[in-house]
Structures are given as C-alpha cells and as structure tokens.
Amino acid sequence: MWTPDKIRETVAADKVVLFTKGSRYQPMCGFSAKAIGILERLTDQFTVVNIFDDPSIRPALVAFSNWPTTPQLFIQGELIGGSDIMEELAAQGDLRRRLEQAQVPLR
Amino acid sequence: MTPSELKQLIESRLPGARAEVRDLTGGNDHFRIEVRWSGFVGQSLLDQHRLVQGACREHLGAAIHAIEIKTFPG
C-alpha cells in the first residue's frame, strides 16, 4: 500500500525518480515515453516507478506532489514537473544543469 | 470538451490570458495548451503550469485525459 509518506521516502532514496504510466522499457503513454527518452539521453542513472504496478501509487503521488498528471520527475526529492516542463528545461540545458548539481553521472 | 470550450475556460479563469488550444488526437481529450499571461511573470515554470492546471482542474482526469502545457509570461 502506497502512501504520501512512501512517495516521500521513494523520491528521497534516489537522486532521480520518474513516475510513469508503463515501465521504462514499455511506456504505455506518449508523455511517459517522451519523459523517459529525455532522461535517457542525459543519463542512465534514474529510477522509474510504474504507477500501474499498484493502484495505490497514483492517489498517493497526487496527494504528495499536488500535481495531477503523470509523468512526474523528481530530482533530489523535488518535483521538477511533467514531460512538457522536462522538454523545455532540456532544450535550455537546464535539465542537464539540475542533474549536474545533483552530481548525477551524465552520459 | 472541445478546444474552444477549454480555451474559454482558461481565459475566463486567468483574466487577461490569451490561450491557444489544440486537440492532439482528434478525441477532444488530449490537448496542447499554450497560454500567454501577465500573471506568469515572476512565477517558476512549475507554478506557471500549476496555474494552468488549476484553471481546468475539475476536468483533468475526467473529460481531459492529458494536457501538454506551454506558458509565456507577459
């Protein structure tokens, strides 16, 4: 059973955590696929949580982040945003900088 | 929900905003929303998106399955 506290622990346990619909290798939503692709180009050091793995993940995630949609990217426990924000930050080089600041190994 | 209904909703809830809404799939449930609004000035990207989400909150997950947002302050 996932709770907001378990989400908090999950996003604190790894530097980069992405909540998606579907798995890293079989995303089941275009936006989740886009988010995974953006991260993959920058690093292979990220954790993916598939919200379809358990029906309690999505409500716990939304309650924790107050963000209604999936995917959701967290870096060092902080919500960065969805695939549209990731795309914008990546285009500006800001996503790379955020990962560098978090000392995430980049490609 | 049609793109024009969503546009009207956002513009009514973010007074003075100019919204462009495009239906991404033809199903009236996946949209790309571009919003220019003076209220975004000084707000983080995350907060700008929260304002747009808030403007259509009761429809998210219901009539709207997915939205892609692009904001322009000013």
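**A guided tour of chains A and B**

Begin by selecting A:P71, which is found in the loop between α3 (57-65) and β3 (72-75) of chain A. The model on display is a predicted one. Show the backbone of A:T70 together with that of A:P71: a cis peptide bond joins these two residues, with omega at about 10°.

Next, select A:Q76 in the loop between β3 and β4 (78-81) of chain A. Although A:Q76 is not a glycine, its phi is positive, at about 50°.

Then move to A:Q103, in the segment after α5 (94-101) of chain A. Here, too, phi is positive in a residue that is not a glycine; for A:Q103 the value is about 55°. Because A:Q103 has 9 C-beta neighbours inside 10 Å, it counts as exposed.

Now turn to chain B and select its strands β1, β2 and β3. These three strands form an open sheet in the order β1-β2-β3, and the pairing is mixed. Which strands stand at the edges? They are β1 (18-23) and β3 of chain B; each has a single partner strand, so one side of each is left without a neighbour in the sheet. On average, neighbouring strands of this sheet are turned by 15° against each other, direction ignored.

Within the sheet, select strand β2 (residues 30-37) of chain B along with β3(B). This pair runs in the parallel sense, over eight bridges. To inspect one position, display B:F31, whose bridge partner in β3(B) is B:I67.

For the last stop, show both chains and look at where they touch. How many residues does each chain bring to the contact? Chain B gives 10 residues and chain A gives eight residues. On the side of chain B that touches chain A, the elements giving two or more residues are α2 (45-55) and β3 (66-73) of chain B. Colour that side of chain B by residue class: five residues are nonpolar, three are polar and two are charged.

Note on methods: Residues numbered from 1 in each chain as written. Chains lettered and ligands numbered in written order. Predicted model: local features only at pLDDT ≥ 70, side-chain atom pairs only at ≥ 80, totals over all residues. Contact = placed C-beta atoms within 7 Å. Helix = DSSP H or I, 4+ residues; strand = E, 2+ residues; numbered from the N terminus. Nonpolar A, V, L, I, M, F, W, Y, C, P; charged D, E, K, R; others polar. Buried ≥ 20, exposed ≤ 12 C-beta atoms within 10 Å, placed from the backbone. Pairing = 2+ DSSP bridges. Axes fitted to C-alpha atoms, helices over the stretch in contact; angles between N-to-C directions.
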